[in-house]
Amino acid sequence: MSPNTASPASPAEAASPAAVTTAQAQVQAEDWLVDAALAPLADGSLAPLYAGAAAGELTLPFCAACGLALELEQRACDGCGATDIHWRPVERAGSVHAVTLVHRREPGLVRVTEPYPVLDIELASGHRLIMTTLTAAGSAPVIGRPVTIGFRSVGGVAVPAASLDPAGADAAPGSPTTSGTITAPDPSAAGLPAAAHTSSEPEVSP
Amino acid sequence: MASPLEPAVVGLGLTPMSLSAGGVPVDLAIEAVASALADAGLTRGDVDGLLVNSSQGVRPDRLGVALARQGGLGDLRLLEHVEIKGATAAAMIQRAVLAIRAGLARTVICVFADAPLRAGGTSGSTYAHSGGNDGARGLERASGVLGSVPTYALLASRYFAVSGGDPEDLCAVAVSTRAWALGNPDAVVRKPLDAEGYFASRMVSAPLRVLDCARPVNGAVALVVSGEATPGQAPRVHVRGMGQAHPMRRRRAPGESWFGGGRAAVDGALAMAGLTRSDLDVIELYDPFSVVTLLLLEEYGLVEPGQAGKVVRSGATAPGGDLPVNTGGGQLSGFYLQGMTPLAEAVVQLRGAGGARQVPGASTALVGGIGGRVDHHACLILDLEPSR
């Protein structure tokens with residue numbers, strides 16, 4: 001059954017232990033969005049991120065010497081040049097920096113039958129991380145909208161995902177999530193909402 | 001001993017641009033090289049340098065320096081596989097010019113070939129299955145970021161947020177570029193396009209529709225750069241200015257992650273040429289997506305910040321306008337052969353060989369190449385007059 005056609009569980013159901021167990025098994029089995037073939041390499045170059053995610057932490061790289069937030073693949077600090085990188089848990093909160101609703105769905109890799117959101121999230125730590133939503137969402141949130149970070153499970157690997165509901169921040173990896181992000185697919189949502197123009201970011205000077 | 005003349009583009013060769021599967025890069029490259037040499041009035045024996053530009057990613061058939069051997073060339077003094085992603089084509093010309101000026105070679109071929117269209121799958125499918133599962137890309141792919149369209153859609157959303165642009169601006173780029181393609185027999189899409197047709201086209205990753213995306217082809221382009229007098233009939237196209245910029249934008253607050261910093265490449269090229277932006281007759285930009293044209297017009301200082309959409313909607317960039325941009329239909333409607341698309345069109349225009357899409361009197365062109373996620377910029381100022 002497509003996640004987009006599933007009836008959203010009510011919050012009361014989601015909170016019940018029985019529903020948790022059932023939903024957890026489902027989440028462990030299959031992600032809402034992509035096939036298990038897209039599972040990331042958990043013991044590759046981002047191993048600390050995935051190890052943290054498996055424990056319910058959002059773990060990201062910082063310069064061990066000066067504390068600057070680093071990119072995922074950075075191996076030396078652009079601030080001070082140090083090569084000691086410290087991965088540590090950060091607050092699982094941020095806001096939408098850029099957003100798209102993806103309509104093309106590659107057969108065999110993408111499981112949903114409706115468009116799905118991809119977000120560039122600016123985290124409270126300063127890092128920017130691309131992710132989708134925790135559960136199916138038929139429309140894309142506007143730039144600047146606050147989100148909390150939970151985790152999807154793709155082929156058994158926990159990956160960060162944005163919850164548009166504050167309760168999502170408390171979700172452990174693989175645990176059920178609230179239904180707050182599920183909305184009916186809305187064809188008119190294909191274009192960006194007008195509110196996307198009201199960013200608080202300063203104008204970029206070319 | 002240095003060559004007697006200022007190095008210039010003296011040969012241009014294009015294969016037919018195919019929208020169907022078939023051909024392998026090495027064969028396409030050999031065909032384009034033969035065509036470029038014939039155009040220059042040269043033979044393989046006149047060549048002492050070869051620069052090769054392949055598509056990114058590890059594909060078993062991608063072009064490499066083995067082309068020299070496979071393509072039947074003789075002994076060379078310069079042979080390199082140049083790689084700065086989509087900026088490579090312009091960078092190869094820079095490399096060839098510098099090598100000739102330094103006396104390291106006399107006549108250098110620069111070639112790119114690609115064949116992303118395969119039997120049994122679309123190019124979109126080819127790209128969706130590329131990227132692997134390690135590193136940041138692996139994490140993105142697990143998050144549904146397949147191929148490059150969602151990435152540029154994120155860029156577009158961010159660009160709109162800071163520039164005030166909207167989908168009407170994207171439409172204007174697609175329509176303007178298509179109008180140019182109508183006059184280019186090498187363009188693969190030559191059906192008239194209006195706003196209604198644009199907005200009826202399939203959404204790929206909002207706000208980017210299929211008509212906002214480049215048209216991949218199987219094909220090749222080769223150029224001959226030489227400091228020798230050559231018998232070809234076409235005018236020599238000189239490389240008066242060259243510049244690169246590799247801005248290290250960071251994926252963290254508070255700066256912009258998606259764009260900014262490319263202007264230095266154009267500033268540097270113009271300074272070297274002793275020219276200003278008002279001297280540019282045609283603008284040929286790398287336009288894998290319509291939004292990139294808008295972005296680069298602003299980033300390269302060709303229009304005022306935040307005005308790209310307005311300028312394109314005014315018709316200035318279209319045929320008959322006073323800021324002709326991507327005059328062969330660009331990568332959107334012409335053909336997507338990465339950095340070779342804008343480079344080849346600039347040479348055609350300066351030679352006066354543009355036929356129905358010729359910009360009258362075009363003698364100075366800007367060629368802009370980008371690579372990665374607009375991370376790498378390589379620019380050329382091409383001119384019918386040699387450098388001073």
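Visitor: Which residue of β4(B) does Leu51(B) stand opposite?

Guide: Leu51(B) faces Cys110(B) in that strand. Keep in mind that this is a predicted model. The pairing belongs to strand β2 (residues 49-53) of chain B, which runs parallel to β4(B) with five bridges.

Visitor: And which strand does β4(B) join through eight bridges?

Guide: That would be β7 (residues 219-226) of chain B, and the two run antiparallel. One pair to look at there is Ile109(B), which stands opposite Val224(B) in β7(B).

Visitor: Why call β4(B) largely enclosed?

Guide: Eight of the eight residues in β4(B), residues 107-114, are buried, so the rest of the structure largely encloses the strand.

Visitor: Which of its residues point which way?

Guide: Thr107(B), Ile109(B), Val111(B) and Ala113(B) go one way, while Val108(B), Cys110(B), Phe112(B) and Asp114(B) go the other, and all are buried. As background, side chains in a regular strand alternate between the two faces of the sheet.

Visitor: OK, cores. Which residues touch the most other members of the largest nonpolar core?

Guide: Ala32(B), Cys110(B), Val111(B) and Val225(B) do, in a core of 176 residues. Helix α6 (residues 149-163) of chain B is the top contributor, with ten residues. Domain 1 (8-117 + 217-226) and domain 2 (148-213 + 236-388) of chain B each put at least three residues into this core.

Visitor: What is Ala32(B) in contact with, leaving aside neighbours within four places in sequence?

Guide: Its partners are Gly13(B), Leu14(B), Thr15(B), Val111(B), Ala113(B), Ala220(B), Val221(B) and Ala222(B). There is also another core lying apart, made of five residues, with Cys63(A), Ala69(A), Leu70(A) and Cys77(A) among them.

Visitor: How many Å separate the domain centres?

Guide: 23 Å, taken over C-alpha atoms.

Visitor: Switching to chain A. How many helices and strands does it have?

Guide: Three helices and seven strands. Along the sequence, the pattern reads α-α-α-β-β-β-β-β-β-β. Buried residues account for 43% of the 206 residues in chain A.

Visitor: What's the mean pLDDT of chain A?

Guide: It's 77, with 66% of the chain's residues at 70 or more. Residues 1-27 of chain A stay under 50, and the model has 34 contacts beyond four places in sequence for them. Residues 168-206 of chain A also stay under 50, with 112 such contacts in the model.

Visitor: Is β4(A) mostly covered or exposed?

Guide: Mostly covered, as eight of its eight residues are buried. Tyr116(A), Val118(A), Asp120(A) and Glu122(A) point one way, with Pro117(A), Leu119(A), Ile121(A) and Leu123(A) pointing the other.

Visitor: What does β4(A) pair with?

Guide: Eight bridges tie β4(A) to β3(A), antiparallel, and four bridges join β4(A) to β5(A), also antiparallel. Val96(A) has Ile121(A) as its bridge partner, and Leu119(A) stands opposite Met131(A) in β5(A). In the β4(A)-β5(A) hairpin, which has four residues between the strands, Gly126(A) takes a positive phi near 100°.

Visitor: Now the contact between the chains: how many residues does each give?

Guide: Chain A gives 50 residues and chain B gives 47 residues. On the chain A side, β3 (93-102), β4 (116-123) and β5 (128-131) each supply at least two residues. β3(A) gives the most, with six residues. That side of chain A has 28 nonpolar, twelve polar and ten charged residues.

Visitor: Which elements of chain A do the buried residues of α5(B) pack against?

Guide: They pack against β5, β6 (146-154) and β7 (157-163) of chain A. The buried ones in α5(B), residues 135-142, are Gly138(B), Leu139(B), Glu140(B), Arg141(B) and Ala142(B). Just after that helix, Gly144(B) takes a positive phi of about 90°.

Key
Residues numbered from 1 in each chain as written. Chains lettered and ligands numbered in written order. Predicted model: local features only at pLDDT ≥ 70, side-chain atom pairs only at ≥ 80, totals over all residues. Contact = placed C-beta atoms within 7 Å. Nonpolar A, V, L, I, M, F, W, Y, C, P; charged D, E, K, R; others polar. Core = buried A, V, L, I, M, F, W, Y, C linked by C-beta atoms within 7 Å. Buried ≥ 20, exposed ≤ 12 C-beta atoms within 10 Å, placed from the backbone. Domains from an automatic or database assignment. Pairing = 2+ DSSP bridges. pLDDT = per-residue confidence, 0-100.
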